Amino acid sequence: MTRIKTIIMSALVAAMASTIPASAASPYRGEKSMGIYAGYATRNESATAGIYFQYRFARCFRIAPSAGYDFRHKGEDAMTIDLDFHTPFALNQAGSVNIYPIAGVGYSSFNRRDIDHPERSSTDSRHRYDRLGINLGGGLEYFASPTLRLALEGKWRGRTDYSTGIIALSIGYRF
């Protein structure tokens with residue numbers, strides 16, 4: 001698994017390096033989006049929600065940090081912080097519909113409750129697990145107006161012993 005992570009990180013760094021020279025002349029440079037997302041987390045079969053920010057360096061490269069929360073279900077919840085990289089490709093001439101692959105890194109803090117022993121009333125039944133990992137997925141976005149961004153994303157958050165799939169809808173303001 002470590003070799004796969006090394007290959008993915010190397011490819012990500014190479015993709016970032018190849019877009020930096022093109023960013024100075026790009027009309028997309030400096031485009032920003034900010035918004036909220038909500039969806040479904042497969043690990044504990046619950047809702048997830050959060051906020052995101054995106055900054056576009058070039059036509060085909062943007063950085064997208066986000067912070068979210070997977071709501072408690074089956075004795076578990078999680079707080080996540082992700083740093084993803086998108087490579088948007090326009091599906092129409094106007095550029096209002098784009099698809100984009102997602103690759104990135106993330107941190108998750110899982111809070112587990114010992115549901116096998118509900119009679120325990122002490123705080124010993126709670127456990128927190130912090131994990132670093134990778135994110136892989138894809139998305140489809142639609143710019144309904146020059147300032148309104150709508151998107152659908154599917155992402156796998158790979159964490160040791162705590163991987164999860166995320167499906168989310170987002171709405172945001174583009175400026």
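**A buried charge and its surroundings**

Modeller: Let's start with Arg-157, which counts as buried because its relative accessibility is 1%; buried means under 20% relative accessible area, exposed over 50% and partly exposed in between, with a 1.4 Å probe and protein chains only. Please keep in mind that this is a predicted model, where local features need pLDDT of at least 70, side-chain atom pairs count only at pLDDT 80 or more, and totals for chains, interfaces and linings use all residues. Residues are numbered from 1 along each chain as its sequence is written, and side-chain values use heavy atoms, without hydrogens or water.

The partner of Arg-157 is Asp-70: the two form a salt bridge whose closest N and O atoms are 3.5 Å apart (a side-chain nitrogen of Lys or Arg within 4 Å of a carboxyl oxygen of Asp or Glu). This pair joins distant parts of the chain, with Asp-70 in strand S3 and Arg-157 in strand S8, 87 residues apart. Strands (E, at least two residues) are DSSP runs numbered from the N terminus. Asp-70 is also buried, because its relative accessibility is 4%.

The pair belongs to a network of salt bridges that links Asp-70, Asp-82, Asp-84, Lys-155, Arg-157 and Arg-159. Across the structure there are 13 salt bridges. One of them joins Arg-72 to Asp-77 at 2.8 Å between the closest N and O atoms; Arg-72 is partly exposed at 34% relative accessibility, whereas Asp-77 is buried at 7%. Another joins Glu-141 to Arg-149 at 2.7 Å, and both of these residues are buried.

A cavity is a set of points on a 1 Å grid over the protein atoms alone where a 1.4 Å probe fits but cannot get out, and lining residues have an atom within 4 Å of a point.

The volume of the largest cavity is about 210 Å³, taken as the space filled by probe spheres set on points joined across faces, edges and corners. The structure holds 3 cavities of 30 Å³ or more.

Key. 1 Å grid on protein atoms, 1.4 Å probe; cavity = no way out; pocket = protein on both sides within 12 Å on 5 of 7 lines; lining within 4 Å. Helix = DSSP H or I, 4+ residues; strand = E, 2+ residues; numbered from the N terminus.
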